[in-house]
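Work through the exercises below with the sequence and the 3D view open. Try each task before reading its solution.

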Amino acid sequence: MQAEFLPKLPLAFSQAALFGALVVLGLLAGEAVRRYAALPRITGYTVAGALLGPQALGLITDNMLFDLRLLVDLSIGLIVFELGFRLDYKWLRLNRWLFVTAIAESLFSFWAIYAALVYFDFRPVLAAMAAAIGAATSPAIVMLVVHDLRAQGQITERLLLFTAVNSVFAYVLLTLLLPFLHLEHAASWQHALFHPLYLLCGSIFAGYLACLLMLKLAAWLGKSEERQFILMVGMVVLTVGLAHSMQLSVSLTLITLGMLARNLDKGYAVLPVHFGHGSQLFFVILFVLVGASLEFSAFTVAAATVVAAYIVLRFLGKSIALLAFGPLSGIRPSGAALLAVALVPASGSAVVMVRDTISLYPAFGKELAAVVLSAVVILELVGPLATQFALRRAREAHPGG
């Protein structure tokens, strides 16, 4: 008798089963490094993704990474929305040197990286785009380490603020550099001018409209944590979908939504953002997939000196700005030094930014990837350790964190 109802061997697992297994394995790896090595969980998630990715065991293929791009954008969207919601304009108005310090930290790191790359004979446009990406600190790493440690205090609040500011700085500067990239590749002046304008203005306007809608719905729903949690997640998902459909910047749209939702809410209709356990799921998903996306093949002996200069001067740029301007904003030099260490993680969004550039101009994108992705691989692995060390050294981590 032929048992046609039985599955054929070897078993062919569906993408849903593989994805579920990857989430579980990432979770177990994160908890293992936390318990047995006292490392941040994020390190376990990233290492698990790297081991399971296309450059190691191959359980996560390039096709899967492409298919799950929307899920990565959704995860990043939730994180940058929460980060943007923490940016309080009142604090910046009361302490103007704080905003000056945040801008100086972004600018100094940008110019330090740019100068180093120009010294190594990189073309100005290539050096500027790589430096703009390097100016940003990873919102996801910072948020996850802060959540894990349950950190609170002066260094933590400034860390979140500076991460929000340098992320916006990087997104906006990359958009403003697009005309030079288009013109370098002989695009028409209309395309060079209107494409960046559409990205920048469209993303900000979309975030503004989404904010107005969310504030009205939050006021109608009332101050119920359950209903507002569903509303926030729904609005983030909706905004990510619209940004994709309209070919806008997901990160810039979502951080605009978060910042405006906090600062235009005069009636305090929106409750403080606490994604709770739901956000932890997205953290696991994001960093397993980011780990799988890391391209270790980008490492070459020839590029090692450039990558080392990129990392060192990025850190020095942030450190000099914080030590110079930090005391004016009310932070001691020892706190400024710890803040510079906490800002070490490079943004995982760099992988997305580089791939977007490759989709526009493949040859240029590969040149950009050669230096940026190598630095990102190192800073994705070292960054969580640096942030954890700084927050614990500042004595702002909860005793159980």
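The exercises use a predicted model.

**Exercise 1. The nonpolar core**

Task: Find how many residues the largest nonpolar core has, and which have the most contacts inside it.

Solution: 
- The largest nonpolar core has 120 residues.
- Leu117 and Phe287 have the most contacts inside this core.
- Helix α9, residues 154–184, supplies the largest share of the core, 15 residues.
- Now list the partners of leucine 117, leaving aside neighbours within four places in sequence. Leucine 117 is in contact with Phe122, Ala127, Ala130, Val306, Tyr310 and Val371.

**Exercise 2. Helix α9**

Task: Then locate the kink in α9 and decide how far the helix is enclosed.

Solution: 
- The kink lies at leucine 178, shortly before proline 179, and is about 30 degrees.
- For burial, use the cut-off of under 20% relative accessible area. In α9, 23 of the 31 residues are buried, so the helix is largely enclosed by the rest of the structure.

**Exercise 3. Aromatic pairs**

Task: Classify the pair of tryptophan 111 and tyrosine 114, then the pair of tyrosine 119 and phenylalanine 120.

Solution: 
- A search of the whole structure gives eight aromatic pairs.
- Two values describe a pair of rings: the distance of the centres and the angle of the planes.
- Planes over 60 degrees apart count as edge-to-face.
- For tryptophan 111 and tyrosine 114, the centres are 5.6 Å apart and the planes are at 90 degrees, making the pair edge-to-face.
- These two residues, tryptophan 111 and tyrosine 114, are three residues apart in helix α6 (residues 96–119), so about one helical turn separates them.
- For tyrosine 119 and phenylalanine 120, the centres are 5.4 Å apart and the planes are at 80 degrees, so this pair is edge-to-face.
- Tyrosine 119 is exposed, at 67% relative accessibility. Phenylalanine 120 is partly exposed, at 30%.
- One aromatic cluster is formed by Phe110, Trp111, Tyr114 and Phe169.

**Exercise 4. Threonine 101**

Task: Is threonine 101 buried or exposed? Which residues is threonine 101 in contact with, leaving aside neighbours within four places in sequence?

Solution: 
- Threonine 101 lies in helix α6.
- Its relative accessibility is 1%, so threonine 101 counts as buried.
- The contacts of threonine 101 are Phe162, Leu322, Phe325, Gly326 and Ser329, once neighbours within four places in sequence are left aside.

Terms used: Residues are numbered from 1 along each chain as its sequence is written. This is a predicted model: local features need pLDDT of at least 70, side-chain atom pairs count only at pLDDT 80 or more; totals for chains, interfaces and linings use all residues. Side-chain values use heavy atoms; hydrogens and water are left out. A nonpolar core is a set of buried Ala, Val, Leu, Ile, Met, Phe, Trp, Tyr and Cys residues joined through side-chain atoms within 4.5 Å. Buried means under 20% relative accessible area, exposed over 50%, partly exposed in between (1.4 Å probe, protein chains only). Helices (H or I, at least four residues) and strands (E, at least two) are DSSP runs, numbered from the N terminus. Contact means heavy atoms within 4.5 Å. The bend at a residue is the angle between axes fitted to the seven residues ending there and the seven starting there. Rings of Phe, Tyr and Trp (its six-membered ring) pair if their centres lie within 6.5 Å; planes under 30 degrees apart count as stacked, over 60 as edge-to-face and the rest as tilted.
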